[in-house]
Amino acid sequence: MKHFDALIIGSGQGGTPLAKKLAKNGWKTALVEKNKVGGTCVNVGCTPTKTMIASAKTAYIVGGSAKYGILTDGFRVDMNVIHSRKDEVVESFRNGSQSGLEQTENLELIFGLATFTGERKIKVVLNNGGEEEITADKIFIDTGAHPSIPDIEGLNETGYYTSTSLLKLQEVPEHLLIIGGGYVGLEFGQMYRRFGSRVTIIEHNKQLLPNEDDDIAAEVLKFLQEEEIAVTTNAEVLKIKKENGSINAHVTIGGKDKIIQCSHILVSAGRTPNTKDLNLGATGVEVNDQDEVIVNEKLETTAKDIYALGDVKGGPEFTHIAYNDYIIVYNNLLNGKNESTKNRMVPYTMFTDPQLGRVGITEKEAVEKGLHIKVAKLPMTHVARAIETGDTRGVMKAVVDADSGKILGAAVVGPEGGEIMSVLQMAMAGGITYQVIADMVFAHPLYAESLNNLFMTLSK
């Protein structure tokens with residue numbers, strides 16, 4: 001039996017940097033990974049999807065080049081090249097991460113499936129055969145999550161894709177039906193529409209992107225529909241049947257039944273934490289009814305000296321949140337700090353084109369809380385840079401405290417919306433008021449310069 005000062009289960013964006021930091025600080029550390037180094041983000045999430053989205057945007061630009069005076073004789077999509085480029089980028093990121101782990105002193109990288117067998121004790125079924133038993137003074141769970149599959153009659157028999165398996169599809173679907181209109185579903189939907197698929201998106205909520213303000217969701221819906229993506233809200237898929245060589249989805253929309261015929265189905269209905277194989281009961285770690293590991297504000301589980309990072313604990317499921325989890329745990333354990341997840345900013349970007357970048361509170365949330373606010377809005381049709389580049393889709397929006405002038409939240413739908421949002425996030429972190437930004441000198445003609453005009457819409 002091997003004993004370590006620290007054991008990390010899962011090499012995602014929280015576990016990998018934590019393992020390296022602990023080892024570099026003299027902790028005898030083990031990192032167990034059941035599949036490939038890098039977790040969801042590198043292997044089946046951010047890296048491959050954003051690489052393919054770049055190819056889809058190129059197709060969109062070429063297809064619309066005539067308005068810029070660039071005439072073409074058409075184009076074709078080569079999925080083999082797209083996948084080869086995607087795989088090359090993924091392998092580069094993954095290999096770099098694995099190499100960094102393997103070259104770190106005091107760190108042992110173990111490939112296998114980890115299962116708890118007792119208090120801070122695990123068994124690892126090794127990928128290359130055999131087993132190992134490991135104990136550790138402190139254990140960190142970073143096993144991530146996997147796509148959730150809803151209980152729909154006929155779905156398993158008919159066959160479907162998830163955000164993971166669709167990345168391996170070498171063909172362009174004739175008609176892709178997407179069950180779930182969240183951020184992942186919308187990114188995939190627009191991407192495959194640009195590759196040439198017909199796309200239908202089914203969302204069970206009455207509003208697309210229900211966590212956003214209705215005007216922001218409307219802007220996203222508008223540009224999706226401009227690309228002839230069919231989006232149906234307040235809808236539920238009742239059953240799936242394969243008939244006469246095609247797939248028929250029986251759907252109810254606002255109480256009315258409809259059949260949608262398609263060639264492929266993407267299930268994009270959220271994610272479920274990877275906790276089933278861990279046998280957490282053996283070590284006293286509790287989960288909730290969504291299988292999320294229960295943690296406190298310092299990411300401590302219900303078992304002493306066991307922590308959880310990233311998607312396995314639920315909450316905001318973003319790569320940057322997993323990385324921030326690592327920062328919190330590391331600073332508290334090694335730097336004597338008292339950091340927590342309480343009140344941390346949760347920025348995110350949906351990588352449709354144009355992007356949706358958001359941070360902080362929405363107008364809807366501010367009203368529900370009874371806050372004294374002002375709301376600034378500026379359509380991208382009023383942004384010089386957007387006009388010059390020929391893409392005026394979207395809107396900028398900010399919620400500010402009417403008394404202090406501080407920014408409480410922002411949403412930007414537009415070209416480089418995530419980058420613009422990040423400028424406002426830094427203003428929020430620094431307590432910079434909207435009045436200061438309204439008079440600030442920005443380089444011309446940047447998208448960021450339009451923040452002057454955004455806040456000039458508010459009276460000083």
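Author: Let us start with the lining of the largest cavity, whose residues comprise five nonpolar, two polar and four charged. Please bear in mind throughout that the model is predicted.

Reader: How is such a space found, and which residues line the largest cavity?

Author: Rolling a probe the size of a water molecule over the atoms shows where empty space is left. Here the largest cavity has a volume of about 50 Å³. Its lining consists of Asp213, Ile216, Arg358, Ile361, Thr362, Glu363, Lys397, Val399, Gly409, Ala410 and Ala411. Strands β19 and β20 (407–414) each contribute at least two of the lining residues, and β20 gives the largest share, with three.

Reader: How many cavities of 30 Å³ or more does the structure hold?

Author: There are two. The second largest cavity has a volume of about 40 Å³ and is lined by Ile53, Ala56, Glu187, Gln190, Met191, Arg194, Phe351 and Asp353. Helix α6 (183–195) provides the largest share of this lining, four residues. By class, the lining of the second largest cavity holds four nonpolar residues, one polar and three charged.

Reader: Let us turn to charged pairs. With which residue does Lys397 form a salt bridge whose closest N and O atoms are 2.9 Å apart?

Author: Side chains of opposite charge can pair when their charged atoms come close. In this model, the partner of Lys397 at 2.9 Å is Asp213. The two belong to distant parts of the chain, 184 residues apart: Lys397 is in strand β19, and Asp213 is in the loop between β8 (198–202) and α7. A salt bridge also joins Lys397 to Asp215, with an N to O distance of 3.0 Å. That pair spans 182 residues, from Asp215 in helix α7 to Lys397 in strand β19.

Reader: Why does Lys397 count as buried?

Author: The cut-off for buried is under 20% relative accessible area. Lys397 counts as buried because its relative accessibility is 3%. Asp213 is likewise assigned to the buried class because its value is 6%. Asp215 is buried too.

Reader: Is Lys276 buried or exposed?

Author: Lys276 is exposed, with a relative accessible area of 66%. Its side chain meets that of Asp291 in a salt bridge of 3.7 Å, N to O. Both residues of this pair are in the loop between β14 (271–273) and β15 (306–308), 15 residues apart. In total, the structure holds 24 salt bridges.

Reader: What of the open spaces: which residues lie nearest the centre of the second largest pocket?

Author: Of its 25 lining residues, Lys57, Ile61, Asp353, Asp391 and Arg393 lie nearest the centre. This pocket has a volume of about 590 Å³. Helix α3 supplies the largest share of its lining, six residues. The lining comprises 10 nonpolar, six polar and nine charged residues.

Reader: Where is Arg393 found, and what joins its side chain to that of Asp391?

Author: Arg393 is in the loop between α10 (384–389) and β19 (395–401), and a polar contact of 2.8 Å joins its side chain to that of Asp391. A polar atom of the Arg393 side chain also lies 3.1 Å from the backbone oxygen of Asp353. Arg393 is buried, at a relative accessible area of 12%. A network of salt bridges links Arg393 with Lys57, Arg194, Glu227, Asp353 and Asp391.

Terms used
Residues numbered from 1 in each chain as written. Predicted model: local features only at pLDDT ≥ 70, side-chain atom pairs only at ≥ 80, totals over all residues. Heavy atoms only, no water. 1 Å grid on protein atoms, 1.4 Å probe; cavity = no way out; pocket = protein on both sides within 12 Å on 5 of 7 lines; lining within 4 Å. Points joined across faces, edges and corners; volume = space filled by probe spheres on them. Nonpolar A, V, L, I, M, F, W, Y, C, P; charged D, E, K, R; others polar. Buried < 20%, exposed > 50% of the residue type's maximum accessible area, 1.4 Å probe, protein only. Polar contact = N/O pair within 3.5 Å; in protein donor to acceptor, adjacent residues only side chain to side chain. Salt bridge = Lys/Arg side-chain N within 4 Å of Asp/Glu carboxyl O.
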